[in-house]
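Dear colleague,

I am passing on the structure we talked about, and below it you will find some notes on what turned up. Please read them with the model open beside you.

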Amino acid sequence: DRLPDLLRTMPKAELHMHIEGSLEPELIFALAQRNGVSIPYASVEDLRRAYAFTNLQSFLDIYYAGASVLIVEQDFYDMAWAYLERAAADNVVRTEMFFDPQTHTERGVAMQTVIDGLHRACVDAKSKLGVDAELILCFLRHLSEEDAFATLEQALPFRDRFIGVGLDSSELGHPPEKFARVFARCRELGFHLVAHAGEEGPPAYVWSALDVLKVERIDHGVQSTKDPALMKRLAQDRIPLTVCPLSNLKLCVFPDLGQHNLRELLDGGLVATVNSDDPAYFGGYMNRNFTETFAATGLTAQHAWQLAANSFEGSFTDAATKRGYV
Ligand code: ES4
Ligand code: ZN
């Protein structure tokens with residue numbers, strides 16, 4: 001069976017990966033030691049044992065704790081570089097990496113420190129790995145819109161170093177419309193717009209991400225299959241869904257991978273893509289997401305080709321570069 005080889009070797013774009021979620025337990029411990037930060041886990045194994053999540057919130061609590069070891073510019077560089085090497089090994093030729101500045105600025109780390117380290121890794125990725133890497137700034141939806149505006153203000157001196165903004169963290173109780181004004185401002189500023197919606201939240205959150213925030217892509221969106229009118233809208237407007245199968249499995253969005261609805265999304269004509277979300281926490285980088293999902297759901301080589309094409313169609317690469325990929 002040559003399908004796994006096709007999945008591994010085909011060039012692909014990753015459109016949904018939180019860089020703080022690529023922090024492996026070994027690097028968390030190394031950075032904790034380097035920076036003299038104490039973490040409430042005795043060992044790498046002890047930390048890994050805590051990765052038994054029941055829903056999104058149970059994961060986010062540990063994810064924010066892990067990010068607390070990031071202090072200086074080199075830490076952000078080292079984290080991003082480790083991910084970019086893994087991405088290159090999986091034949092990811094384009095990646096649009098999310099970062100959560102509020103997780104760091106709230107601890108007294110300067111916006112410039114965060115962006116300098118991540119951006120330097122993106123520059124090196126192009127020259128040393130041949131990976132085209134860009135950044136998307138995410139607002140934390142459990143915080144206020146006022147906080148998001150303050151974060152945008154702090155980031156604007158570095159506006160040429162990120163291509164878009166997104167919305168992540170705790171979905172339920174924090175609908176997209178909570179961020180209507182800050183997204184309108186980001187739109188005026190010319191940023192690309194994306195938002196997590198329909199991961200755990202209802203189809204109504206996907207509708208409001210589209211109609212109120214006016215996002216160009218939906219992150220996750222797997223709950224959309226519950227609303228036929230929404231499925232029609234997503235297909236007609238060719239709105240990409242950045243699906244993360246191993247994330248959905250680990251956060252109990254689906255009881256097992258065999259019941260994941262990726263096939264339903266693809267066969268319904270939606271621009272669905274496969275992504276790793278938080279690879280250090282969810283048990284796999286890009287190629288593992290592809291191989292495990294295909295093995296569990298019986299997707300075909302035709303689906304593989306479609307997913308690779310969708311990843312480039314959905315990317316924010318300029319049109320000329322996009323033609324070079326497909
Ligand atoms: C996230 Cl899986 C997921 N959902 C929402 N926000 C996030 N931040 C990092 N991973
Ligand atoms: Zn995500």
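Sorted by class, the shell around ligand 1 consists of two nonpolar, five polar and four charged residues. Its members are His18, Gly21, Leu56, Tyr63, Asp168, Ser169, His196, Glu199, Ser247, Asp277 and Asp278. Please keep in mind that this is a predicted model.

As for the overall fold, the protein chain has 17 helices and eight strands, and its C-alpha trace spans about 50 × 45 × 40 Å along the principal axes. A compact globule of 326 residues would have a radius of gyration near 20 Å, and the 18 Å of the protein chain agrees with that. Of these 326 residues, 48% count as buried. Among contacts in the protein chain with a separation of 6 or more, 76% are between residues 24 or more positions apart.

Beyond its neighbours within four places in sequence, phenylalanine 99 is in contact with Ile19, Glu20, Val114, Leu118, Leu135, Leu137 and Cys138.

Apart from its neighbours within four places in sequence, valine 274 is in contact with Val243, Pro245, Asn289, Phe290, Thr293 and Leu307. Arginine 107, by contrast, is 167 residues from valine 274 in sequence and 32 Å from it in space, C-alpha to C-alpha.

Best wishes

How values were computed. Residues numbered from 1 in each chain as written. Chains lettered and ligands numbered in written order. Predicted model: local features only at pLDDT ≥ 70, side-chain atom pairs only at ≥ 80, totals over all residues. Near = placed C-beta within 6 Å. Nonpolar A, V, L, I, M, F, W, Y, C, P; charged D, E, K, R; others polar. Contact = placed C-beta atoms within 7 Å. Helix = DSSP H or I, 4+ residues; strand = E, 2+ residues; numbered from the N terminus. Rg over C-alpha atoms; globule rule 2.2 N^0.38 Å. Buried ≥ 20, exposed ≤ 12 C-beta atoms within 10 Å, placed from the backbone.
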